[in-house]
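Student: I have a model open on my screen and would like to learn how to read the places where chains meet. Could you take me through it?

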Amino acid sequence: MSTENQAVIHVHRDDVGARMGMWLFLLSEFLLFGGLFLMYSVYRYNHQHDFHVAAEGMNVFLGTANTLILLTSSLTMALAIAAMQKGNKILSLTLQIITFLFGVAFLVNKFFEWRAEFRAGNYPGSPILTAKPSGQILYYGLYYTMVGLHGVHVIVGMTIIAFMIRFTIKGIINKDNYVKLENAGLYWHLVDIIWIFLFPLFYLIT
Amino acid sequence: MEENKTLTKHSPGYGIYILVWLALVTLTALTAAVAGISFGKFSIVVALIIAMVKSYLVLSEFMHLKFEMKAFRVFVVVAILFFLLLIVLLFQNYSYY
Amino acid sequence: MSNSSIALDGNGKLPSYLIDQGKHKGILAWLLSTDHKRIAILYMIGVLSFFAVGVSLGFLIRLELLTPEGTIVSAQAYNELFTLHGVIMIFIVVIPAIPGIFGNFFLPIMIGAKDVAFPRLNLLSWYLYIIGGTMILLSMVLPGGAADTGWTFYIPYSVRTGTNMVFTLSAVFILGFSSILTGMNFLTTIHRMRAPGMGWFKMPLFAWSLYATGWIQLLATPIVGITLLLVIIERVFGVGLFDPTLGGDPMLFQHMFWMYSHPAVYIIIVPAMGVISEIIPVFAHRTIFGYKFIAYSSIAIAVFGSMVWAHHMFAVGLSNNAEFIFSLLTFLVAIPSAIKVFNWTATLYKGSIELEAPMLYALAFIFLFSIGGLTGIIQGALNVDIYLTDTYFIVGHIHYVIFGGTGMALFAALHYWLPKMFGRMYNKKVAKVAFWHIFVGFNILYFPFLIMGWLGMPRRSYHYLPRFQIYHVIATVGSWVLVAGLLIMFINLLRSLRYGKIITENNIWGGESLEWKVQTPPIAENFEEIPVVTAAPYEYKENDEPVLEKEEIV
């Protein structure tokens, strides 16, 4: 021990610390959406009827499908970490790729949903939308912002997972050092949790 | 030092995750089904309660919160309380004209 | 122990962090460094440069207000001036100043760690900070002109004005992100990296204050982030969110803006209080009075400070219930701040006080912050506030709190820690001369604000009634004295970096916290071995048993 040179920098690894940092960051993300939920609650309180009317135009089928997609992707992510803990690299890699593909599926669904809304003339600033009562304009304003911001988070999450896939292939993530994968998982689950709240608030309040 | 504690010691089986997922899917079906029933003012409450149960499952099981140090759980509670505080105080303005 | 491969320099010391040791040399060794001490220096360069810009803008505003009619700038330029002055001073100077510079440099050393928990994120925070700051400077020169809404960006003007709002708002968003990462980094550092024996209640109070600040940064900043992002979305895509013509509620914007921006006052002031809690016991040669009260009051300020935001909105027509609750809570938030002031004065009582420059600034902090705090309580009272809202009284109050508070604490910290950071001492006499210029100039500048505000002078106004001119003239003269003092101070400090007396001892002022046990300037790894802490902080007993014993860590 004492032959170790003092000048050698101690490689101090603290996985709990790494996860703690991630959790703190996620709480910050939670309050980022929290601000939007505050707005939603106030506007909904002030325009209850308009919100109900506007929500009836939503495609509940696509919304439910996307909920199931995200829930299942959360499952595959959790399984990917468990597989890595058990040292099953191939299984973990497969599950990560499946998670990524679920992300793609979610976005494709979203694309069709938004395209339908735009074709119906419900895009921001459109003559049809601006002619509607103010509560409905606000509903659509919140819908596009909250769902859009969530979509951005899905894309960020997929980018992170893409990096994790690369790290797994290169062996940077392995049985003894998988905290990166855990943190990517935490981020992905947060995206899922946000959707768990967005889903009833926009699709199921008719 | 604490080097040994850094890796998560538990490594739960795949089964528990699939059970949690089944519960989540069931709750989703439930919330979509009861959305058709009109509880009046309470329909939003019911939807939010189901969403909270689902989030709790994801937090504690998928995100391993139940295995982490106590401090992590305190953090989450602090953030949620902070958010609730903001909502309660904000509605002092909007609900008492 | 000393068989290390690092050569000792002439004085028998290990090479300090100021000497390049990594694979990069020269400027890259700074710009790519993940050493918390070097990042602190980067922050210092950034903060002080932006401070110079902010002071110049403020100086111009005062010059313009010398006469009741417009003289040197147009009305539009005047609006841009006070907006830029506010945005720069709040978001780029005082919010990152103390955590960015002194938090980065001394937090790890104070708790006995080799670096912060996430060194690379720390560097990223600095880059985000610089990008945000540069964007605001760019908004001044790009066509369209700088934002002219005031630093509060109130709806609906901020979605209608033709100036470079998107630029400014994105800059503030990026700065917020930088602030969140810093907060997250410090929280994790304090939780995970304290040295053996460094229990929560053995931490220096500066660390406690950074802990409380970290939580506000983490939880409150995203709210303003999303709010400003929504204004950008509303401007660019025309999505109906706040704009009343699309059914939005401009008051909701104000609520969400102040949900962050009031706690931001505590992001600004709590680290400053931490600095004062460090300096007072050292120069009074006494143990701090009521350590736990000061530590808990930081947390209490963070909690109460999050619940008072709507007192900025008493004049906009809140519900009676909200007005009552927010007024009450505003009075409550004064309690933890007052606890700190009482504890500091109790520490001074019967101490053998040494009036070095840091102590002078610390005492100025207590005096000016007390005025700032008490004028705040006046406005916390509903009926008085209806009359005082949007007058110069509030402008005086904010400057007493933020400049008199955090500004003075920043100067105190510079005089207290700069010799430690660079190993050279400034000219102490000149430092005192500068102090008196700043202190006197400050009061000549800002006290008339309180008086003319009380008499009804509205804030942010380009023209004013001739009967207010005498106060404006006095204030403008005060700004000259103040700027002269600032110039003397900064020239003295800068000069010391090159020509100051070289310091060899570790403990310059007789402090008891860990940064005074390490070499001056510190070595790259802070400690040769991680210390084991055995004593409580601030123990100034009979000539001091050693506070820590070094033990080999296997």
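Student: How many residues of chain A are in contact with chain B?

Tutor: Contact here is a matter of distance, with heavy atoms within 4.5 Å. Keep in mind that this is a predicted model. In it, 50 residues of chain A touch 48 residues of chain B.

Student: What area do chain A and chain B bury between them?

Tutor: The two chains bury about 4,500 Å² between them, and 77% of that is on carbon and sulfur atoms.

Student: How many salt bridges are counted between chain A and chain B?

Tutor: For a salt bridge, look for a side-chain nitrogen of Lys or Arg within 4 Å of a carboxyl oxygen of Asp or Glu. Between chain A and chain B the count is 1. A:Arg19 pairs with B:Glu68, and their closest N and O atoms are 2.6 Å apart.

Student: Which elements give two or more residues to the side of chain A that touches chain B?

Tutor: They are α1 (15-46), α3 (60-85) and α7 (179-203) of chain A. The largest share comes from α1(A), with 18 residues. By class, this side of chain A has 32 nonpolar, 9 polar and 9 charged residues.

Student: Now for the other interface. How many residues of chain B are in contact with chain C?

Tutor: Here 16 residues of chain B meet 23 residues of chain C. The buried area is about 1,800 Å², with 73% of it on carbon and sulfur atoms.

Student: What is the count of salt bridges between chain B and chain C?

Tutor: The count is 0. Polar contacts are a separate tally, and across this interface there are 5 such residue pairs, both residues being at pLDDT 80 or more. The side of chain B that touches chain C is made up of 13 nonpolar, 2 polar and 1 charged residues.

Student: Let me try a single residue. Is C:Glu323 buried or exposed?

Tutor: C:Glu323 is buried, and yet has no salt bridge. You will find this residue in helix α10 of chain C, which covers residues 320-348.

Student: Where is the nearest side chain of opposite charge?

Tutor: That side chain belongs to C:Arg459, and lies 16 Å away. The salt-bridge cut-off is 4 Å, so C:Arg459 is out of range for C:Glu323.

Student: Which residues is C:Glu323 in contact with, leaving aside neighbours within four places in sequence?

Tutor: C:Glu323 touches C:Phe314, C:Leu318 and C:Leu382.

Methods: Residues numbered from 1 in each chain as written. Chains lettered and ligands numbered in written order. Predicted model: local features only at pLDDT ≥ 70, side-chain atom pairs only at ≥ 80, totals over all residues. Heavy atoms only, no water. Helix = DSSP H or I, 4+ residues; strand = E, 2+ residues; numbered from the N terminus. Buried < 20%, exposed > 50% of the residue type's maximum accessible area, 1.4 Å probe, protein only. Lys, Arg positive; Asp, Glu negative; His and termini not counted. Buried area = accessible area lost by both parts, 1.4 Å probe. Nonpolar A, V, L, I, M, F, W, Y, C, P; charged D, E, K, R; others polar. Polar contact = N/O pair within 3.5 Å; in protein donor to acceptor, adjacent residues only side chain to side chain.
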